[in-house]
Amino acid sequence: MDGGGASAETEVVETERVEYNDAIVRNFMWASVLFGVVGMLLGVIVALQLAWWPANFAFFATFGRLRPLHTNAVIFAFVGNMMFAGVYYSTQRLCKARLASDMLSKIHFWGWQLIIVSAVVTLPLGITAGKEYAELEWPIDIAIALIWVVFAVNFFWTLAIRREKHLYVALWFYISTIITVAMLHIVNSLAIPTGLLKSYSVFGGAQDALVQWWYGHNAVAFFLTTPILGIMYYFVPKASGRPVYSYRLSIVHFWALVFMYIWAGPHHLLYTSLPDWAQTLGMIFSVMLWAPSWGGMINGLLTLRGGWDKLRTDPVLKFFAAGVTFYGMATFEGPLLSIKSVSGLAHYTDWIIGHVHSGALGWNGFMAAGMFYWLIPRMYGTKLHSQKAADAHFYMGTFGILIYALSMWASGVTQGLMWRALTSNGALQYPNFVETTVAIQSMYWARLLGGTLYLAGMIVMAWNLVMTARAGKFAAVTTEVTFTKEAPSNVRWTQVVFGMPVILTAVVMALIGTVAFVDGMAGVFTVGLAFGIAIVGAILMQVSRGAGGASWHRLLEGRPLAFTAFTTIGVLIGGIVELVPIIVKKPSDPRVTTAPAPLRALELAGRDVYISEGCYVCHSQMIRPFRWETQRYGERSTILDSMYDHPFQWGSKRTGPDLAREGGKYPNLWHYRHMIDPRATSPGSIMPPYAHLRTSTVDFARTSATMSAMRTVGVPYTDAQITNAPNEARAMAQAIVRDLREQGVEAQENSQLIALVAYLQRIGVANPPPVAQNDNNSNSNAAVASR
């Protein structure tokens, strides 16, 4: 193992008794075990709903409502609680200090559980912001921010009272997590409330898409990855009894990962109407992430060097080794999928679902299991109840992941190839979208099998851990900690803040930044000069030492404030460069001369229903510039099509067809029948029925408040439109009802189903005729509403 140098400062060795707060660790750990089983059970249910549509057994338990609950349960309840347990346990040992505040720890625990319960209540009721991984409405968003601040204060306060001056690598990753998640959550959750449980994103269209996937991708990076890497750097050496393989590699791994990850979000938006420069940046940085990600995987696996024989007998090391391996596989596949040509095939398909789950179940799930199997016997002063049960859990989990991932890879490739298949004369070979759905049904049953196996493994783990706890007794750990009390340092803060690495980084970034202002060979020369300076500087840093013989980074590791500041700057750079130009510049497209008119009152209400039912989970509204997409769905989407959508509706998965040009394709009656019984209009469809929308009502009086909120975020509604919104909504609803009545169907004019039909008929229609608001123009109203 290579080292980081030693300080020549005067040191005095002292000893002190410390009682660690492991009660909070225990609480978070058991909460994670519980929600792990619940989250996986929800996953099995939604997998069943895709394989067998009748499993959508109630209006509050349809796929569109349960899928966001499943993702929130796994990410924030299962992994979140596991992360807090691991962070609190390791931080106390690494700082040789008890957590700063027992009260803040309790507020953190109970506050986080109440947030989870609020998600369990609101999401099945259709109360959602409609943004992936950020569905919770504004009061809950505020609660998340407040509880996260409590967590941050408790963590940094503990660093401030630490007895161990040096910050171990795990703490670096915890710092980056706390800072970055706060930034991501606050920016992406900016919204204008219209009621206690309803709000609209301040960003719209392409702006909202970029902000959402800047958040969405980096939620994976800084909630599901960096804190778990910190846990890996602490628990893998503990479990194996061996030091981390390479200190220097951990430095490169950390800083490269933190800086690069934040740029990668736009790879979720390749071939969309997002500006090309943003897409290219996202792709480039995603591909570059291969290096630091695999550096971390190698560092983790090589920490086990010399102890591979233990994997046969130690279930903890089995889970850790497999978890780190799944991390490597997922971080290979992610950059691969971000390459444009690969994304063109894979995006919107089940391949992405397989990628996400192999990472979440293999990396997060197995690292959690390894940590639990290591921690609980020690916390309860006993041995693991059944090693055979832990081994059974490992094999059930492993085979479950493999079956799941393989089935989704097969399904995704099949979808991508069938969607783009053309006949010899250039026509679509499979023009009916449902043909693809029927072709992959067997893969959905295979996914259900894989998910069920993984769930069974989680249940075995929960039973094993409970039995282990019952055999022992929980006791707080009191230990003698030895630490060095250092004399005041003779290293000034300026030597750290303005050290060689900082100056080198600033020079290199300035040179690369000039590429935006120069052309041709000058740009090539500038980039070459930047890389040359970087290489020479890296060599000089390796052969030089700071004050007292310590390396610059070793000095930085003793200064949490400076370390946090540099981490924050590293994260902010990518966010500012990508987001600000898109947010401040008004969207434009040379192909479009007239901006579309904003949605009308009833159409806005219908979009609310569309979001509430989770239709965005299965349908996209973004036609990419591919021949097979324009033939199937219509003219490619432009950046102006969605400029007034708050939130954007581009989607990320096509379980059903794209709806970007849906308006006017079918008459009102078709949509009405399709929502009540999808198989009546589309045989073979796996869409759940939405008959309950016939009796669920829309409050026309609230349409004025909705329009007013839309105007606040930039949609150009006039005072007259806002005042007249209830009358306009009622007139449009009456027109649709009359049209249905003429075809023998009676409908309630203020039903959510009528509003949803109005919205579906408007999608992709840029400038519809005005709505007549008197009985003499009923025929015109019906014609307008059916377009």
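**View 1. Lys96, at 21% relative accessibility, counts as partly exposed.** Partly exposed is the range between buried, which means under 20% relative accessible area, and exposed, which means over 50%, as judged with a 1.4 Å probe and with protein chains only. The structure shown is a predicted model, in which local features need pLDDT of at least 70 and side-chain atom pairs count only at pLDDT 80 or more, whereas totals for chains, interfaces and linings use all residues. Residues are numbered from 1 along each chain as its sequence is written, and side-chain values use heavy atoms, with hydrogens and water left out. Lys96 sits in the loop between α2 (63–95) and α3 (102–122), where helices (H or I, at least four residues) and strands (E, at least two) are DSSP runs numbered from the N terminus. The phi angle of Lys96 is near 55°, which is a positive value in a residue other than glycine.

**View 2. Tyr271 is not a glycine, although its phi is positive, at about 65°.** The residue belongs to the loop between α8 and α9 (276–288). With a relative accessibility of 22%, Tyr271 counts as partly exposed.

**View 3. Tyr245, Trp294, Ile298, Leu302 and Phe332 make a nonpolar surface patch of about 410 Å².** Patches are made of residues with over 30% relative accessible area and no salt bridge, and they are built by joining like charges within 9 Å, or nonpolar side chains (Val, Leu, Ile, Met, Phe, Trp, Tyr) within 5 Å. The accessible areas come from the Shrake-Rupley method with a 1.4 Å probe, and for residues only the protein chains shown count as cover. Helix α10 (residues 290–302) gives the most to this nonpolar patch, with 3 residues. Tyr245 lies in the loop between α7 (226–240) and α8 (247–261), and this residue counts as partly exposed because its relative accessibility is 32%.

**View 4. Strands β2 (residues 191–195) and β3 (residues 198–201) run antiparallel and are joined by 4 bridges.** Two strands pair if DSSP finds at least two bridges between them. The two strands β2 and β3 form a hairpin, with 2 residues between them. To follow the pairing, the reader can look for Ala191, which stands opposite Ser201 in β3.

**View 5. Glu480 and Arg17 form a salt bridge, in which the closest N and O atoms are 3.1 Å apart.** The partners come from distant parts of the chain, 463 residues apart, with Glu480 in strand β4 (residues 478–486) and Arg17 in strand β1 (residues 11–19). A salt bridge is a side-chain nitrogen of Lys or Arg within 4 Å of a carboxyl oxygen of Asp or Glu, and the structure holds 22 salt bridges. Glu480 is partly exposed, because its relative accessible area is 44%, whereas Arg17, with a relative accessible area of 53%, is exposed.

**View 6. In another salt bridge, the closest N and O atoms of Asp641 and Arg661 are 2.9 Å apart.** This pair also links distant parts of the chain, since both Asp641 and Arg661 are in the loop between α23 (627–633) and α24 (668–676), 20 residues apart. Asp641 counts as partly exposed at 37% relative accessibility, while Arg661 counts as buried at 16%. A separate network consists of Arg624, Glu629, Arg654 and Asp658, which are joined by salt bridges that share partners.

**View 7. The peptide bond from His646 to Pro647 is cis, with omega near 5°.** Pro647 is found in the loop between α23 and α24.

**View 8. Arg762, in helix α28 (residues 752–762), is buried, with a relative accessible area of 4%.** The side chain of Arg762 reaches the backbone oxygen of Ala597 at 2.6 Å, and it also makes a polar contact with the side chain of Glu603 at 2.8 Å. A polar contact is a pair of N or O atoms within 3.5 Å; within protein, one atom must be able to donate a hydrogen and the other to accept it, and residues adjacent in sequence count only if both atoms are side-chain atoms. Leaving aside residues up to four places away in sequence, Arg762 touches Ala597, Pro598, Leu599, Arg600, Glu603, Gly663 and Pro768, where contact means heavy atoms within 4.5 Å.
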